[in-house]
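Me: I have a structure open and a few questions about it. Can we go through them one at a time?

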Amino acid sequence: MTSQDSRVQSMFNRVTRSYDRINSLMTMGRHAQWCREVAQRADLAMNGTLLDIATGTGEIALAARRRYPKAEIYGVDFSENMLAEAREKPGAESIEWEFADAHQLRFENESFDAVTHGYLLRNVSDVERVLREQFRVLKPGGRVVVLETSPPRGALKLALSAGMSVVLPLLGQVIAKDRDAYTYLKTSTLGFMSPAEVAGIMERVGFRGVEWSTKYFGTNVIMWGHKP
């Protein structure tokens with residue numbers, strides 16, 4: 001784990017209690033709906049296996065549990081505080097929660113039918129390595145589904161960027177009592193790659209059929225692809 005990864009880990013450990021609330025406020029309540037869409041696009045068979053990386057407080061993993069009641073689901077994260085919060089939610093007892101570094105997963109090759117993650121890639125030091133790990137642990141035919149932020153583009157770019165620069169640190173200060181953490185999240189969002197750039201890396205590591213759907217004025221995106 002690099003020093004950058006350690007700083008991000010520390011930040012997420014600090015903001016755990018306010019994380020769900022701020023996500024909901026930032027997206028005007030749409031975040032839970034997007035997590036359900038990620039679970040739906042995983043397209044698991046009845047007894048399939050799913051790995052949710054950067055599970056955080058478990059929103060995607062729990063959405064997958066509700067959609068696929070007989071699936072084997074793992075939720076992994078490198079924030080112990082986030083995992084502790086996830087374990088307290090209704091339905092959490094039916095999911096395997098584990099500490100993990102997305103750069104180096106403990107799972108064997110071709111272990112899962114689907115891999116999902118939310119807001120992982122903007123927070124890692126090596127996006128390509130992380131995606132290669134996901135490709136490695138997927139079975140042939142398995143699907144990857146990504147929920148990520150996307151820098152604003154087009155006619156609304158200036159307005160959205162200015163709004164995020166004010167609103168995110170303010171929410172962090174008022175709700176999480178941690179302005180620095182949400183200033184980082186603003187910077188990592190505005191400075192992150194476009195969906196097309198992420199898709200290029202996904203295809204380079206081996207994923208095929210990569211597509212995406214933008215959300216919320218293009219500031220969020222759901223991407224998906226499969227392992228041949």
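Me: Is Lys89 buried or partly exposed?

Reply: Lys89 counts as buried because its relative accessibility is 16%. Buried means under 20% relative accessible area, exposed over 50%, and partly exposed in between (1.4 Å probe, protein chains only). This is a predicted model, where local features need pLDDT of at least 70, side-chain atom pairs count only at pLDDT 80 or more, and totals for chains, interfaces and linings use all residues. Residues are numbered from 1 along each chain as its sequence is written, and side-chain values use heavy atoms, with hydrogens and water left out.

Me: Which residue does Lys89 form a salt bridge with?

Reply: Glu59, with the closest N and O atoms 2.7 Å apart. A salt bridge is a side-chain nitrogen of Lys or Arg within 4 Å of a carboxyl oxygen of Asp or Glu. The pair links distant parts of the chain, since Glu59 is in helix 4 and Lys89 in the loop between helix 5 and strand 3, 30 residues apart. Helices (H or I, at least four residues) and strands (E, at least two) are DSSP runs, numbered from the N terminus.

Me: And Glu59, buried or partly exposed?

Reply: Glu59 counts as partly exposed, at 24% relative accessibility.

Me: How many salt bridges does the structure hold?

Reply: It holds 8 salt bridges. One of them joins the side chains of Glu37 and Arg41, at 3.0 Å from N to O. Both residues lie in helix 3, 4 residues apart, about one turn of the helix. Lys215 is linked with them in a network of salt bridges.

Me: New topic. What is the strand order in the sheet?

Reply: The order is 3-2-1-4-5-7-6, in an open sheet of 7 strands with mixed pairing. Two strands pair if DSSP finds at least two bridges between them.

Me: Which strands stand at the edges?

Reply: Strand 3 (96–99) and strand 6 (208–215) do, each with a single partner strand, so one side of each has no neighbour in the sheet. Strand 3 runs parallel to strand 2 (residues 72–77), and 4 bridges join the two. Val76 stands opposite Glu98 in strand 3.

Me: What about the largest nonpolar core? Which residues touch the most other members?

Reply: Leu51, Ile53, Phe107, Leu121, Met202, Phe207 and Met223, out of 31 residues in that core. A nonpolar core is a set of buried Ala, Val, Leu, Ile, Met, Phe, Trp, Tyr and Cys residues joined through side-chain atoms within 4.5 Å. A second, separate core of 30 residues includes Tyr19, Ala39, Met82 and Leu147.
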